[in-house]
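The following exercises are to be worked through with the sequence and the three-dimensional structure at hand.

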Amino acid sequence: MKARILVVDDDEALAEMIGIVLRNDGFEPVFCADGGQALEVFRSAKPDLVLLDLMLPGIDGIEVCRQIRAESDVPIVMLTAKADTSDVVRGLESGADDYVPKPFKPAELVARVRARLRPGDQKAPETLRIADVTIDVAGHLVSRGTERISLTPLEFDLLVALARKPWQVFTRELLLEQVWGYRHAADTRLVNVHVQRLRSKIERDPEAPEVVLTVRGVGYKAGS
Amino acid sequence: MSAPLDRGAPENAARTSVDLHEPGVTAPASAAADESRAPAGPFEPAVPTAPADVEPDTAGAGTTGPGSTRPPAAPPAPRLAVLADGWQSIRFRTRLWVKRARIVGVRVARLVSIGASRLLPGIRYLLRSLHRKWRRSLQFRTVLTTLMLAIASFAVVGAYLSNQIANNLFQERLVQAESETRYNVKQIQDTFDGAQVTDQSSVITLVYDTLNAVEGRGSVIQRRYVFEAMPEQTKPRNRWVESRASDQLTISVIPTELRKAVQDSGKEQFWASTEFPVGTEDRPGIAVGNKVTFNGTVYELYLIYDLNTAQKTLDEIQNVLLAGGAVLALLIGAVAWYVTRNVVSPVSHAALVSEKLAAGQLQERMVVKGEDEVARLGASFNHMAASLQEQITQLATLSQMQQRFVSDVSHELRTPLTTVRMAAEVLYDARGDFDPVNKRSAELLYNQVERFQSLLADLLEISRFDAGVATLDAEPGDIVQLVSHVMEGVAPVAAEYGSEVTLNAPAGSIIVDMDDRRIDRILRNLVLNALEHGEGRPVNISVAANDNAVAVAVRDHGIGMTPAEAARVFDRFWRADPARARTTGGSGLGLSIAAEDTKLHNGWLQAWGRKGGGANFRLTLALRQGEKITKSPLQLEPVDVGLQGAGSDRTMLLLDHSPAPRTDNDTGTDAAGGSGAGTRDARAAGAGAGVPGTAETGTKDGS
């Protein structure tokens, strides 16, 4: 079955070009040129992934991203003309899983889309623990005691990657490769922002993390 | 300036100057002569603690001319003697003053040294702050100078006045004493002449009564006397009175010179200053001597007049003078302070305002009041500030608009460029199906879009630096790992050039606070640059660290650079040889961006080159952000070159962080602005290479 991809971009030429590239690679693109209608189109089209331009007329991309994330875990990839740290971080913090800076190569775009659409691993029933957090891998559940913690698929993958090898320190590059699926390091800010988001959900005190620990100068590891 | 009694060292007695006064001399003449010849009176100011002794000094050193009752031939010799005495008196006085000054000096020095040992830090601080005040405050300086000058003037005037008063007082008393003596001596002589010399007791009674009468009636003794038979005369049988004196007095209070003068003369009257005991104190006085004859015996008769009252008056006058002088000095100081404040405060206000203006507070203005010179200064100052502000604001707006424009253009270009690029790539991927012309066109399109895109990316990056929105996102990371990563990344390019890239780094990791995205970009730029100019020869990367810094040096052995070229290597779009074809398609902004990235890290990025000898670029970063780099762990001039030594065309560019906020959009100023720290390092590098002082600091104009 063809994966359906919602392309939210006000530039018709670019949207059309993206459509061509996606179709070439066997995806089914759906278009929306206005931020205000993005949520409606999203609801009606039920895409498997959203490509979202950060700068949109009407409601801007950040807000659209927040709205979609509020009702769905569907992967969101931002398209941004601004590669400034603040914009990227703002986009990621509003719930995007990844971002592609303009101008991008078609192959790069397709790679990112594929990476996010990766069919979920056939997860064996497996229960992991980090600190006082329990992870049910097959059931996609994370809990502390009786309290359920809701994570996006990406955050879940990040947590599972760390929890599977609690003895190992993961560099950001390694996490990018294992969680995002990028062989050649894109931007390690992705990792930083997602670790922060993850921490804000699972840590008792995000300022003094116990579940995801920082190893100064190297990367991250699971807490014991 | 208290002037108690004149007191001197014991030897003064020997210096007593004796005045000859003839009986008939008119008092005013004498006084006038005295004044003119010896301005210094006997009531000299003296240190109260100085050893007390008599200074039987005479103020009136002058002699009078021959009296009306005397033939003029008589006293030339005494006059000469008195002149000499005047000189002696001055010399003596000088010595006395020196002595006093020395005593006072020693005491003050002792006091100061005791005080200093206790209060030294405080005093030093006080002195330093006073000195600073002196240097920095015009008002303080003016007031202090005025005060000093006023005090000095008062001291001179006060000394002169007090001297004059003392002299006048003395002269007045002297004239009185002389005429009283003359009268009394005459009275006594008359009494003696008319006396019946009968028996011893009556004679003694007569003499004593006569003499006692001299003291005057009433409770206050008007004058004291010393009555002594002249020595060396045949003693008549019936001489019953040898000597007689008022209470507590003996002949020893009479200066020897006076006695000698009296003894040697006929019937003239002489005087001298002396000092005599009354109760427990010594008092200054004037002794006037003459001879009387009684019963065939010649006696010396000295009448001593108390100067205590005059001294007290003088003391009081001096106290008043002193107090008046002090008050006046204070008043003058206050007036000087007020006047200078009126003049200086607008000036210091102007200084303050211009300092604020210079610091960037362009809205600062002076307060203008009235129409005087100060107001004109304020008005023209404000005018200047206003036009300055206008221009600066205009420039800032222009510059901001320009940066904003570049940034906007870059952003706006991105979306269509993305479309173009994707389209080009689609065409490029499908070029196999095209005929040769279309195929080549697709390839050119693809390659040039790539180049266009990298140029745009670099421009955007530069515009971000220029707009000041670039932020450092520093985290601890392993720089050795980063270098290896960069080497992997450039491996295909290196293979294309046929250059071998080697790494010389310590084992293990070096953790540095860095924005790895930027450091990665700097290093990739440096390595690509080295490959581009390396002519296929090896490129060596060295990494080293010391206590607070880490350095990465990229050395190539290619065409190298001249000093002038090295100085411009970080300029935008600059190429060593414009005719040289671009081979890598770089934007010409790579090294400029690297310099900006380094600046953001407060690091050093420096270049060394020699024509034909290759080049060396060194990046130095503080291990922890916020720390200052004191010395780079690697030398800028490569060891292999330094050992050859001779290089006179050695050069380097120092491009360091300049702490001043950036105000223009020319990276070139960095090279000039940071040369301070760089020069220090240059010396270290030069010395390290064994060729001290040969390293040239290449800086360039900021224009």
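## Exercise 1. Overall features of chain A

In this predicted model, 54% of the contacts in chain A between residues at least 6 apart in sequence join residues at least 24 apart.

Task. State how many helices and strands chain A has, and what percentage of its residues count as buried.

Solution. Begin with the secondary structure: chain A holds eight helices and 12 strands. Next, consider burial: chain A has 224 residues, and 41% of them count as buried.

## Exercise 2. An open sheet in chain A

Task. Determine the strand order of the open sheet of four strands in chain A, identify its edge strands, and find which helix packs on the sheet.

Solution. Step one is the order, which reads β6-β7-β8-β9 in chain A, with antiparallel pairing. Step two concerns the edges: β6 (127-130) and β9 (147-149) of chain A each pair on one side only, and are therefore the edge strands. From one strand to the next, the twist averages 30 degrees.

Step three examines one pair in detail. Strands β7 (residues 133-136) and β8 (residues 141-144) of chain A run antiparallel and are joined by three bridges. Within this pair, Ile135(A) lies opposite Val142(A) of β8(A).

## Exercise 3. The contact between the chains

Task. Describe the contact by the number of residues from each chain, and state which element of chain A gives the most to its side.

Solution. Count each side: 18 residues come from chain A and 20 residues from chain B. On the side of chain A that touches chain B, helix α1 (residues 12-24) of chain A gives the most, with five residues. Classified by type, the residues on this side of chain A are nine nonpolar, three polar and six charged.

## Exercise 4. A helix pair in chain B

Solution. Start from the geometry: helix α8 (residues 373-429) and helix α9 (residues 436-467) of chain B pack at an angle of about 160 degrees, and their axes are 9 Å apart. The contact of α8(B) with α9(B) has 16 nonpolar, five polar and four charged residues.

## Exercise 5. Enclosed elements of chain B

Task. Explain why helix α13 (residues 590-600) of chain B counts as largely enclosed, and why strand β2 (residues 224-229) of chain B does.

Solution. For the helix, count the buried residues: 10 of the 11 residues of α13(B) are buried, so this helix is largely enclosed by the rest of the structure. Among them are Leu591(B), Ile593(B), Glu596(B), Asp597(B) and Lys599(B). Just after α13(B), Asn602(B) adopts a positive phi of about 55 degrees.

For the strand, five of the six residues of β2(B) are buried, so this strand too is largely enclosed by the rest of the structure. Now trace its pairings. With strand β6 (residues 297-306) of chain B, β2(B) pairs in the antiparallel sense over six bridges, and Glu300(B) in β6(B) is the bridge partner of Glu228(B). With strand β3 (residues 243-245) of chain B, β2(B) runs antiparallel and is joined by three bridges; here Val226(B) stands opposite Ala245(B) in β3(B).

Conventions
Residues numbered from 1 in each chain as written. Chains lettered and ligands numbered in written order. Predicted model: local features only at pLDDT ≥ 70, side-chain atom pairs only at ≥ 80, totals over all residues. Contact = placed C-beta atoms within 7 Å. Helix = DSSP H or I, 4+ residues; strand = E, 2+ residues; numbered from the N terminus. Nonpolar A, V, L, I, M, F, W, Y, C, P; charged D, E, K, R; others polar. Axes fitted to C-alpha atoms, helices over the stretch in contact; angles between N-to-C directions. Pairing = 2+ DSSP bridges. Buried ≥ 20, exposed ≤ 12 C-beta atoms within 10 Å, placed from the backbone.
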